[in-house]
Amino acid sequence: MNIKQADHALGTTLSTPIVRSFSACCVWMMAAICPLVLSGASYAEELTAVEHFDVTRTPVPPEIDAPTESEIRDAIVRGVQFMLDDQNPNGSWGSPTRTKGLNIYAPVPGAHHAFRAATTSLGIAGLIDTLEHLPADASEQGLRAQVRESVERAETWLFRELPKLRRADGSAMYSVWGHGYSIQALVRLHDWHKDDADRQASIVSLIQDQFEMLQRYESVDGGWGYYDFRYQADQPTSSSTSFVNGAVLVALKEADSLGVTPPKRMVDRAVAALGRQQKPDFSYLYSENLQYQPMREINRPGGSLGRSQCCNVAMRVWGDSKITDDVVKVWLCRLYLRNGWLDIGRKRPVPHEAWMQVAGYFYFFGHYYAAVGMDLLPEEERAPYQSMLAKLMLDRQETDGSWWDYPLYDYHQPYGTGFVLMTLDACMP
């Protein structure tokens, strides 16, 4: 079965059953009701505070059994060790293996070039961000030394392969993910080579190349999508997609902060496209072609839970004054208190089949951008949100040290682990 129809900007009716069976109904009811039963009135009060969006009212974070710094550090070490063990001999992460009967639409070979470029970039970023939290090296064989060697191998692969990255064909533009996340990896590598001016210059040049490719593949409406099933023209006619815009805009701001300024017209068009998808409660449409279905499940707060973090961060860093600290805090609280909407879609093999049309691959994506948003808050106000994110991440770590949320060939474990390593870095006291 090909699931292209189930995931091309949600233009057709998706597989979104309310009740498949009595047992499925029970699972849903337990997911929705159990937190209220277990936590009593305090949970109901906390939920009400973020349910009825009021930007003049600062939400009160729930009290939780917070992980200790040592527990977070141990989880990071296990995640890093997984990445070291999982790295391909050529320095990259991920492969088009471990296929299944329900494979996401991926024209070969270009789609897999994109998946591997994005996954490898997330791996580089996750390892660099968490290096300082690893045990200090006692020898050249220590964990930090292994990470340095791993990053060097991955960087070599990225410099060799990234210039070759293009869209797979007229219909699939997963390459946008590779260009966006490679910018974030390259920004970190720029600091990694702070004593090597020549290497830094090469990195800046490669970042600028990504700007050029993003310009080439931006939608006629501004911003980016990842499918174009309309005309497959030279300039994509895909619908601008909120979370793609958000992720790329966050990466572009990281480059801008480094002093590598992206093209203003491209940024302005992407911000405008994302703004058109922003709803009054600061949730976001899935994509612009759903503008006349604002109350469809995927476009409601529960369906937007894995996207709103990313989109609000992107709008704020590019100048939307409506995204105040309280907006960020409300959505951090929502992410924790309503986490079941995302978690019940985690690991499902068919995109958008869960309630609120949630797809599994929004889980760790959403939590990473929640951490990015958290870092926009004053440092002295972050602690309760750090604890909430850390608890969610530690509770979902696999026995092999990885994290994953959607079975995507053999990319899911390294991309999930890369996201979570960056998230946990932000959660360290």
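Just past helix H10, Gly-319 adopts a positive phi of about 105°. The structure described here is a predicted model.

H10 spans residues 308-317 and is mostly covered. Eight of its 10 residues are buried. They are Ser-308, Gln-309, Cys-310, Cys-311, Asn-312, Val-313, Ala-314 and Met-315. What do the buried residues of H10 pack against? Their partners are H8, helix H9 (264-276), helix H11 (325-337) and helix H13 (363-374).

## Overall make-up

The protein has 15 helices and zero strands. It contains 429 residues, and 59% of them count as buried. Take the contacts between residues at least 6 apart in sequence: 74% of these join residues at least 24 apart.

## Cysteines

How many disulfides are there? The count is zero. Cys-311, in H10, is in no disulfide. Its nearest cysteine sulfur belongs to Cys-310 and lies 5.2 Å away. A disulfide would need the two sulfur atoms within 2.5 Å.

Cys-311 has 0% relative accessibility, so it counts as buried. Cys-333 also counts as buried, because its relative accessibility is 0%. The cut-off for buried is under 20%.

## H5 against H6

Two packed helices are described by the angle between their axes and the distance between the axes. Helix H5 covers residues 143-161, and helix H6 covers residues 175-192. Their axes are 12 Å apart, at an angle of about 125°. H5 is therefore oblique to H6. The crossing of this pair is left-handed.

Which residues of H5 and H6 meet? H5 supplies Arg-148, Val-151, Glu-155, Leu-158 and Phe-159. H6 supplies Ala-185, Leu-186, Leu-189 and Trp-192. Seven residues of this contact are nonpolar, none is polar and two are charged.

## H6 against H8

H6 also packs with helix H8, residues 242-258. Here the axes come within 9 Å and cross at roughly 25°. Angles under 35 degrees count as roughly parallel, so H6 is roughly parallel to H8. This crossing is left-handed.

On the H6 side, the contact is made by Val-176, Trp-177, Gly-180, Tyr-181, Ile-183, Gln-184, Val-187, Arg-188 and His-190. On the H8 side, the residues are Phe-243, Val-244, Ala-247, Val-248, Val-250, Ala-251, Leu-252, Glu-254, Ala-255 and Leu-258. By class, the H6 and H8 contact has 14 nonpolar residues, three polar and two charged.

## Val-248 in H8

Val-248 sits in helix H8 and takes part in the contact with H6. Is Val-248 buried or exposed? Val-248 counts as buried, because its relative accessible area is 1%, and the cut-off is under 20%.

Leaving out residues up to four places away in sequence, Val-248 touches Val-176, Leu-214 and Trp-224. Val-176 is one of the H6 residues in the contact with H8. Trp-224 is 24 residues from Val-248 along the chain. The C-alpha atoms of Val-248 and Trp-224 are separated by 8.5 Å.

Note on methods
Residues are numbered from 1 along each chain as its sequence is written. This is a predicted model: local features need pLDDT of at least 70, side-chain atom pairs count only at pLDDT 80 or more; totals for chains, interfaces and linings use all residues. Side-chain values use heavy atoms; hydrogens and water are left out. Axes are lines fitted to C-alpha atoms, for helices over the stretch in contact, and angles run from 0 to 180 degrees between N-to-C directions. Helices (H or I, at least four residues) and strands (E, at least two) are DSSP runs, numbered from the N terminus. Angles under 35 degrees count as roughly parallel, over 145 as roughly antiparallel, 65 to 115 as roughly perpendicular and the rest as oblique. A crossing is left-handed if the near helix is turned anticlockwise from the far one by less than a right angle, and right-handed if clockwise. Contact means heavy atoms within 4.5 Å. Ala, Val, Leu, Ile, Met, Phe, Trp, Tyr, Cys and Pro count as nonpolar, Asp, Glu, Lys and Arg as charged, and the others, Gly among them, as polar. Buried means under 20% relative accessible area, exposed over 50%, partly exposed in between (1.4 Å probe, protein chains only).
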